Amino acid sequence: PSAAIRKQVWESALKTLKCDTATQWAEELARQFQLTPGKIQDAVQSTVTEASYASGQGIGLKALYAACRKQSNQKLQALALKISPRYGWQDIVLPEDKCTQLKEVCQQVKHRTRVFEDWGFANKLSHGKGLSILFSGPPGTGKTMAAEVIANALQLDLYKIDLSSIVSKYIGETD
């Protein structure tokens, strides 16, 4: 569903929380996660369940993000190794222009719904609406660290995929 429909579903699901910031959360979660209405309901329900086990702690946006990530990556774990992002902007040392590029990547992800749906650019592109980032360099130059910084800033999961386990090295054997 579109971001507008996802926002309505989030608002409806979050009404049960009786939280002042539920409307703001609904908009942010709808922009960030492209979940079906059923997965949105499941994310809210699992957050409520986990909060009740956590001895009366309130439900926060961080817990909802975690529940959304669980809903969206169920099949990926069979193909990839999950990396827990440990690094933030303060940890990475880069020239200013490279750091600016990484921050622009975060802004692109953060505002993709506005650009593609609100401004109508999704209708102009038949495919290729995702974001691909190619990090290059010898081992130890900070490629994984940069990916961790981006994942941490966006509160998204990061996976390392061993391409050799997915793609055949022989030409013609890979679909």
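**Fold, cores and selected contacts of the predicted model**

Among contacts in the chain between residues at least 6 apart in sequence, 71% join residues at least 24 apart. The model described here is predicted. Its chain has 175 residues, of which 28% count as buried. Seven helices and two strands are present, and along the sequence they follow the pattern α-α-α-α-β-α-α-α-β. The accessible surface of the chain is about 12,000 Å², and carbon and sulfur atoms account for 53% of that surface.

The largest nonpolar core contains 19 residues. Within this core, the residues with the most contacts are Trp-10, Leu-14, Leu-29, Leu-64 and Cys-68. At least two residues of the core come from each of helix 1 (3-14), helix 2, helix 3 and helix 4. The contacts of Leu-14 illustrate how residues of the largest core are placed. When residues up to four places away in sequence are not counted, Leu-14 touches Ala-22, Trp-25, Ala-26, Leu-29, Val-44 and Leu-64.

One aromatic pair is found in the structure. The pair consists of Phe-33 and Tyr-65 in an edge-to-face arrangement, with 5.2 Å from centre to centre and 75 degrees between the planes. Phe-33 counts as buried because its relative accessibility is 4%, under the 20% limit. Tyr-65 is also buried, with a relative accessible area of 3%. A further ring, that of Trp-89, has the charged end of Lys-103 over it, 5.3 Å from the ring centre.

No disulfides occur in the structure. A disulfide is a covalent bond between the sulfur atoms of two cysteines. For Cys-99, the closest cysteine sulfur is that of Cys-106, at 9.5 Å, so the two are too far apart for a bond. The cut-off for a disulfide is 2.5 Å between the sulfur atoms. Seen from Cys-106, the closest cysteine sulfur is in turn that of Cys-99. Cys-99 counts as buried at 17% relative accessibility, and Cys-106 is buried with a relative accessible area of 6%.

Thr-113 is located in helix 6 (residues 112-118). With a relative accessible area of 6%, Thr-113 is buried. Apart from its neighbours within four places in sequence, Thr-113 is in contact with Ala-3, Arg-6, Arg-31 and Asp-118. Pro-37 is part of helix 3 and is partly exposed, because its relative accessible area is 37%, a value between the limits of 20% and 50%. The C-alpha atoms of Pro-37 and Arg-6 are 6.9 Å apart in space, although the residues are 31 apart in sequence. Residues up to four places away in sequence aside, Pro-37 touches Pro-1 and Val-9.

How values were computed. Residues numbered from 1 in each chain as written. Predicted model: local features only at pLDDT ≥ 70, side-chain atom pairs only at ≥ 80, totals over all residues. Heavy atoms only, no water. Helix = DSSP H or I, 4+ residues; strand = E, 2+ residues; numbered from the N terminus. Buried < 20%, exposed > 50% of the residue type's maximum accessible area, 1.4 Å probe, protein only. Contact = heavy atoms within 4.5 Å. Areas by Shrake-Rupley, 256 points an atom, 1.4 Å probe, with all protein chains shown as cover. Phe/Tyr/Trp six-rings, centres within 6.5 Å; stacked < 30°, edge-to-face > 60°. Lys NZ or Arg CZ within 6 Å of the ring centre and 35° of its normal. Core = buried A, V, L, I, M, F, W, Y, C linked by side-chain atoms within 4.5 Å.
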